[in-house]
Amino acid sequence: MKGLSKVSVKLVEIGSETSGQRVDNFLLRECKGVPKSHIYRILRSGEVRVNSGRVDATYKLQEGDRVRIPPLRLGAKVAPSKPPTIDLPLLHEDEGLIAANKPAGLAVHGGSGISYGVIEQLRLARPEAKFLELVHRLDRDTSGLLLLAKKRAVLTAMHELIRNGQMEKRYLVLVHGQWPAGKQHVKLKLQRYVTGAGERRVRVDDEGRESHTVFELKQACGAYSLLQAHLKTGRTHQIRVHLAQLGFPIAGDDKYGDFELNKHLAKQGLRRMFLHAWKLAFVHPLSGETLKLEAPLPRELDNFISNLKNIDAKTI
């Protein structure tokens, strides 16, 4: 067959970073360029061996397992497009976790017309890394703390912390309106849906999933309020929908915000959504110690807050 190249038998010893992963998912990542249907065919036929024995697709690999991958035919390699250079400061790194300070406008992963996100960039920058996965996600237009796992066991443990509400997540958000003092608990049921244009959105719906955010005023800014948002649950677009429902749209939010207000703010220098993942705190699954992380407010948001006194809210 033209345009195809044959790859010889490959033996891979499983390390701690891959332990616990299903063999089919391991092969899909290890054998890039091989059709998914072919991966499952060689598993069914017994051509893939683990410790010299046959396994099915659901087998979970263990540290020390030796995986035999048979010769495979791959499509001719096409030179990948060069990924754009990104500024991705790392705020913390240890043997199990990476904490990055994601800028606004950068997706956490490729897809939907985006070739490269944070995860693809880091994998390209670290070709020696055997495992690197997102612990959680941030919206493309949200900046701040983003966690990545360097070991599968760490990823699994972090997901367990998140499911059990044992990770403290705090955001900084600027809204239009004068927020009352004191803590405000917002509990609403949220439902995901797709618009006629194919965009994913979220709305308040009695058939949706429970959500809970605690908001607290940090700074009164005239016609605006800088809030701290403490997530108790982690639903898609939770902070954005909660605030829009209460009549306090996030400055610069192009999905749930005040579009005329956003046009005015863009002229004043705010060309992004004012939502920043500020703090994270959790018990590290490897050390057992509480890890507290903080990403300072980006310069463009800090400058905008400083210049708010020059904005005449009456012109909006």
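**Salt bridges in a predicted model**

Let me start with one pair. Glu160 and Arg163 form a salt bridge, with their closest N and O atoms 2.6 Å apart. Why can these two meet? Both sit in helix α4, residues 152–163, and because they are three residues apart there, about one helical turn separates them. Arg163 is exposed, at 58%.

A word on the model itself. It is predicted. Mean pLDDT for the protein chain is 87. Of its residues, 89% reach 70 or more.

Strand β16, residues 275–283, has the highest mean pLDDT, 98. Strand β1, residues 4–7, has the lowest, 48.

Two stretches need a flag. Over residues 1–5, pLDDT stays under 50. The model still has nine contacts there beyond four places in sequence. Over residues 312–316, pLDDT also stays under 50. For that stretch the model has six contacts beyond four places in sequence.

Back to charges. The general idea is simple: side chains of opposite charge can pair when their charged atoms come close. How many salt bridges does the model hold? The count comes to 19.

Next pair: Glu133 and Arg123. Their salt bridge has its closest N and O atoms 3.0 Å apart. This one links distant parts of the chain, 10 residues apart. Glu133 belongs to strand β9, residues 133–134. Arg123 belongs to helix α3, residues 118–125. Buried or exposed?

Last pair: Asp253 and Arg240. Here the closest N and O atoms of the salt bridge are 2.7 Å apart. Again, distant parts of the chain are linked, with the partners 13 residues apart. Arg240 lies in helix α5, residues 238–245. Asp253 lies in the loop between α5 and α6, and α6 covers 259–267. Are they buried or exposed? Both Asp253 and Arg240 are buried.

Glu160 and Arg163 pair within helix α4. Glu133 and Arg123 link a strand and a helix. Asp253 and Arg240 link a loop and a helix, and both are buried.

Terms used: Residues are numbered from 1 along each chain as its sequence is written. This is a predicted model: local features need pLDDT of at least 70, side-chain atom pairs count only at pLDDT 80 or more; totals for chains, interfaces and linings use all residues. Side-chain values use heavy atoms; hydrogens and water are left out. pLDDT is the predictor's confidence in each residue, from 0 to 100. Helices (H or I, at least four residues) and strands (E, at least two) are DSSP runs, numbered from the N terminus. Contact means heavy atoms within 4.5 Å. A salt bridge is a side-chain nitrogen of Lys or Arg within 4 Å of a carboxyl oxygen of Asp or Glu. Buried means under 20% relative accessible area, exposed over 50%, partly exposed in between (1.4 Å probe, protein chains only).
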